[in-house]
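Morning, everyone. Let me put the complex up on the screen.

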Amino acid sequence: MAKRIDVKDLDIYYGSFRAVRSVSMTIQPRAVTALIGPSGCGKSTYLRALNRMHELIPSARVEGKVVMDDQDLYAPGMDPVDVRKHVGMVFQRPNPFPTMSIYDNVAAGLRLNNKRLRKSETDDVVEESLRGANLWEEVKDRLRKPGSGLSGGQQQRLCIARAIAVRPDVLLMDEPCSALDPISTHAVEDLMAQLKENYTIVIVTHNMQQAARVSNYTGFFNIAGTGQPGELVEIDETPTIFSTPTHTATEEYISGRFG
Amino acid sequence: MSTTTSPPTPTESVEPPNGTKSLVRGTLPRWASWGVLGAAAVLAALIARLLGFGVAPFVLLTAVLYAVGISGWSRWIEGGRKATDRAFTAVVTSAFLLALTPLVSVVVTVISKGLDRFDGRFFTYSMRGVVGDGGGAYHAIMGTLITSGLATLMSVPIGLATAIYLVEYGHGRLARAITFFVDVMTGIPSIVAGLFAYALFALVFGPGTVNGFAGAVALSVLMIPIVVRSSEEMLKIVPDDLREAAFALGTPKWKVVLRVVLPTAVAGISTGVTLAIARVVGETAPLLIATGATGSTNLNPFSGQMATLSVFSYYEYASPGVPIDPSLDRAWTAALTLMLIVMVLNLVARSISLLFAPKAGR
């Protein structure tokens with residue numbers, strides 16, 4: 001659990017268009033790494049490249065290395081399906097499976113991955129995951145009800161429970177709170193603080209206060225102009241980035257002078 | 001909405017002292033529509049009586065007078081925007097009623113003429129050895145169920161698999177070609193499908209091979225494009241969010257399709273399939289050619305001609321027996337039975353979509 005990821009010279013393309021140029025960074029285990037930057041700078045694209053979700057888009061491809069556990073995730077013969085079992089993802093909009101109950105949503109990862117578990121084992125995983133996502137107390141009496149009946153914040157925590165039920169090493173979060181109200185956001189942020197004890201967490205956010213609140217490391221992405229690839233400007237410990245960044249672009253973005 | 005009908009107040013250009021225009025406007029009383037309609041009908045009846053019109057011109061005249069009357073009155077009281085609104089409402093409603101007329105007429109005619117022989121004998125007897133009175137359509141009902149059932153068994157797997165390919169896997173030339181040919185197939189006349197099946201069976205099993213299965217093949221040629229189209233639309237509206245969520249859990253693609261995409265779309269797909277069955281169950285021309293007709297009960301689709309409701313109805317009407325009435329009665333009752341089957345299928349489609357639809361219960 002909780003693995004370190006070393007990214008080396010990662011270029012990400014849509015067809016012939018290079019969306020992200022030459023990103024190198026180390027993502028520390030048992031910590032939250034936040035990625036900030038203006039819209040269209042390739043943060044989400046980069047995040048999706050970390051568990052090979054990027055290549056679901058036709059013509060999208062990646063050059064460079066993403067090394068986890070001494071294994072390059074993009075090595076030939078590496079199965080993207082296996083990569084995604086180890087690197088889970090939570091999306092911007094809560095997306096529980098509408099045909100499944102709350103229980104089945106959490107168990108979906110196990111069942112879809114063909115793990116044959118006894119009923120009691122599945123029960124345990126579901127309870128543990130829902131407790132891990134701070135949702136157990138709210139839903140324990142209605143596990144058989146559809147997940148779509150929950151509030152937005154509860155749905156997002158359900159999606160987090162679903163993601164951690166398959167026991168990934170890394171959890172990627174693509175603006176997990178941007179569709180949520182402040183109270184639900186608070187709940188999810190608390191959850192992140194707990195989850196980082198066991199997981200490596202990477203979060204893309206547009207909310208700089210959120211980055212400052214939840215993350216240990218912050219990376220700033222920027223784009224030179226329309227049609228140019230996005231780049232990682234710098235990554236450092238969050239307090240450093242927010243107080244004494246190395247690059248003026250970072251300082252300007254953080255202080256709200258552009259972007 | 002207030003229950004008191006205030007007398008119409010004409011639009012006064014009340015200019016408040018500060019120069020802003022008043023937003024308050026007059027409204028027609030709530031009985032305005034019905035009142036104008038009644039007046040239009042009375043006026044149209046008078047004109048029709050004077051000029052010796054029939055019913056159709058009278059109805060048309062009523063509609064025109066109503067549209068002119070209500071929009072004129074409204075323009076005077078309520079202003080231009082509401083008047084246009086009322087005029088268009090009148091036009092749209094008339095168009096709806098016009099479209100409904102043939103439908104209601106068909107339903108009423110079929111029911112009234114078909115009820116004469118809508119009895120137990122009709123559903124339990126075949127036409128074997130029947131001349132004149134009596135007999136039934138048991139053989140034809142069974143034939144219709146068998147041919148449509150076989151056609152469904154062939155069309156649904158092929159059509160659904162094609163739709164899945166087009167939505168989940170196909171990009172590029174092959175997918176575009178399939179889409180094109182599905183469109184072309186949607187437009188082929190049903191008799192061509194019948195001739196295709198007839199020719200196919202003639203080539204493979206020898207000339208003159210006419211049986212229930214050939215009819216089912218002809219029907220499935222008509223049915224596959226409908227199933228592909230409706231399933232494709234249903235699969236397309238499954239949000240990509242759900243596919244991504246499943247992929248992010250480390251799920252192989254075939255399982256994402258089978259366990260997430262299909263269950264989400266199953267309500268719409270089964271509705272589409274049911275409507276496709278309803279569409280082909282009344283086909284006559286291809287069955288006439290490929291399945292033939294017979295007066296006896298033949299439940300084996302692989303050998304011998306088979307009666308079907310639509311063909312039965314056609315023959316009873318086109319070549320009736322010597323006392324002509326029993327044949328005509330049977331033809332109408334067969335049409336009524338067919339209509340009921342289609343209606344039941346539509347009801348089934350609705351209950352299926354209610355049953356399978358993702359629920360948002362709390």
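Which helix of chain B does B:Ile352 lie in? The answer is α13, residues 324-356. Helices here are DSSP runs of H or I, at least four residues, and strands are runs of E, at least two, numbered from the N terminus.

Ground rules. This is a predicted model: local features need pLDDT of at least 70 and side-chain atom pairs 80 or more, while totals for chains, interfaces and linings use all residues. Residues are numbered from 1 along each chain as its sequence is written, with chains lettered from A and ligands numbered from 1 in the order written.

Back to B:Ile352. Leaving out residues up to four places away in sequence, B:Ile352 touches B:Ala267, B:Ser270, B:Thr271 and B:Thr274. Contact means C-beta atoms, placed from the backbone, within 7 Å. B:Arg30 sits 322 residues away in sequence and 41 Å away in space, C-alpha to C-alpha.

Now the interface. Chain A gives 27 residues, chain B 22. On the chain A side, α2, β6, α3 and α6 each supply two or more. The largest share, 4 residues, comes from α2(A).

Finally, confidence. The complex gets an ipTM of 0.88 and a pTM of 0.81. Chain B has a mean pLDDT of 88, and 93% of its residues reach 70 or more. That score is the predictor's confidence in each residue, from 0 to 100. Residues 1-5 of chain B stay under 50, with 2 contacts beyond four places in sequence.
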